[in-house]
Amino acid sequence: MNQHITPLFGALQTFSQQQPISLHVPGHKNGEVFADKGLEDFAQLLRLDVTELTGLDDLHAPTGVIKQAQDLAANWFGAEETFFLVGGSTAGNLAMMLTAARLGRKVLVQRNCHKSILNGLELSGAEPVFIAPAYDGRVGRYTAPELDTIKQAMDQHPDVGAIVLTYPDYFGTVFDLPSVVEMAHRRNIAVLVDEAHGVHFSLSEKFPASALESGADLVVQSAHKMAPALTMASFLHIKSPVIDREDVAHYLQMLQSSSPSYPLMASLDLARYYLSEIKEKALTSILESVNRLRNALSTVGEWEVLPSQIGLDDPLKITLEVNERWSGIQVAKLFEEEGIYPELSTENQVLFLHGLAPFQEWERLQTAVEKISGRLKFLPNRDTIGRVQIEQQQIHSLEASYQAMNRMRKEFIGWNEAEGRIAAQAVIPYPPGIPLLLKGEKITSVHIKMINYLIKQGINFQNHHIEQGVYCLR
């Protein structure tokens, strides 16, 4: 297929150039009706923000330019079919979980998954069996389940219909997905992958293999995370003999807006085009810039830049392991005070994302690194007392089904009384949005110590009143 064209974006351009008269939604009337305060910034985008007019197709029943744009994406990524998502990877993950429930009541789920996977499981009525990730000393984090653990889970639960995996993790680290796929397909288990951070893996063998290339059946990608697309713009890909395309389309119609954003969809068309236009020479320049950025961040002794291994790590993700005297939160705040914003900080790491173009602000970065290094020497050492790791059960189910829990009453319990109770809500540090405590999980003293430790370290939680306690089932 001709990857040099952008059918949806081109159709929007042509429509706008005709200076059409709007007697339809949206209410800004091609930018004619808008607040003066924001018009200058929004004007160009508003001309593309239209609705399902003649010639502009319909996301939920595409036959024209949207279908052409989706077909081009499927061709470039190596899918049988691709759907545009305007509700982020969240919409795609929800649709995946609803589809998974039709494949079998039990679903194997990687424990350190995104909260949208858990929300989808709750909506679907599927019975999750969780597989704990193993600790990877190479990167100092829990990353992915070991193959033996996955095999053991499949042996213990022969009625599983699907397995849900996160690939790569938030920091760009992958695992042996082809072996998991082979193991699963041999047992007629569908492999569903949240590949939110891997939209660019199809570019080159210099990146880890993509989930589609590894044989996954259903894959969700956040185009906006690592490719140049508008926030929320994402893809859902199918490449499977067992996934029913009509099921996926049905759930997406339920979950996505009936008035999808044309700027978001056009940005997906353009993001696919951008990826397809990156040639080997340009990619070499990008990776040279990555190495230079890694070196620039390695010039001080207050942190270590973790090495990146070809085939196992996304080279565009750069992780700082902070000296134990300080926290990743402290270091990230100092970078922000210099106008440099990391993607994520934890109690001991800071994550930077290099884009798909050479970095430019070298002098500003070097000045900031030197300044931050000097400032850290005058900060008090952080209190590391109470730092804990949660040793999770390798294979486990919830204490009650989602359906049963939703019929039960709940009450807010202080942390000093919560041990042994069943959580009625997930406790979620954000970012990365991976629950530390699951809804339906029994609260242990280790959970409580870890949550209190993270609160003291300044980690943000997507829970109201988390300092006081948590909602539990009665």
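Student: Where is Gln19 found?
Tutor: Gln19 is found in the loop between H1 and H2; such elements are DSSP runs, helices being H or I with at least four residues and strands E with at least two, numbered from the N terminus. The model is a predicted one, in which local features need pLDDT of at least 70, side-chain atom pairs count only at pLDDT 80 or more, and totals for chains, interfaces and linings use all residues. Residues are numbered from 1 along each chain as its sequence is written, and side-chain values use heavy atoms, with hydrogens and water left out.

Student: Why is Gln19 called exposed?
Tutor: Its relative accessible area is 70%. Exposed means over 50%, buried under 20%, and partly exposed in between, with a 1.4 Å probe and protein chains only. Gln19 is therefore exposed.

Student: What is noted about phi of Gln19?
Tutor: Phi of Gln19 is near 50°, a positive value in a residue other than glycine. Most residues other than glycine have a negative phi, and most peptide bonds are trans.

Student: Is Asp57, with its positive phi, buried or exposed?
Tutor: Asp57 has a relative accessibility of 13% and therefore counts as buried. Its phi is about 70° although Asp57 is not a glycine, and its place is in the loop between H2 and helix H3 (65-77).

Student: Which peptide bonds are cis?
Tutor: A cis bond joins Val25 and Pro26, with omega about 0°; Pro26 is in the loop between H1 and H2. Another cis bond joins Tyr430 and Pro431, with omega about -10°, and Pro431 lies in the loop between strand E15 (410-414) and helix H15 (445-456).

Student: What makes His28 a buried residue?
Tutor: The relative accessible area of His28 is 10%, so His28 is buried. Like Pro26, His28 is found in the loop between helix H1 (7-17) and helix H2 (36-46). Apart from residues up to four places away in sequence, His28 touches Val33, Phe34, Leu46 and Asp49, where contact means heavy atoms within 4.5 Å.

Student: Why are H11 and H13 called roughly parallel?
Tutor: The axes of helix H11 (residues 280-297) and helix H13 (residues 362-376) come within 10 Å and cross at roughly 25°. Angles under 35 degrees count as roughly parallel, over 145 as roughly antiparallel, 65 to 115 as roughly perpendicular and the rest as oblique. H11 and H13 are therefore roughly parallel to each other.

Student: Which residues meet where H11 and H13 are in contact?
Tutor: From H11, Ser289, Arg292, Leu293, Ala296 and Leu297 meet Trp362, Leu365, Gln366 and Val369 of H13. By class, this contact has six nonpolar, two polar and one charged residues; Ala, Val, Leu, Ile, Met, Phe, Trp, Tyr, Cys and Pro count as nonpolar, Asp, Glu, Lys and Arg as charged, and the others, Gly among them, as polar.

Student: Which residues have the most contacts inside the largest nonpolar core?
Tutor: They are Ile163, Leu177, Leu297, Trp303 and Phe335, in a core of 92 residues. A nonpolar core is a set of buried Ala, Val, Leu, Ile, Met, Phe, Trp, Tyr and Cys residues joined through side-chain atoms within 4.5 Å. A second, separate core of 35 residues includes Cys113, Ala190, Leu236 and Met405.

Note on methods. Axes are lines fitted to C-alpha atoms, for helices over the stretch in contact, and angles run from 0 to 180 degrees between N-to-C directions.
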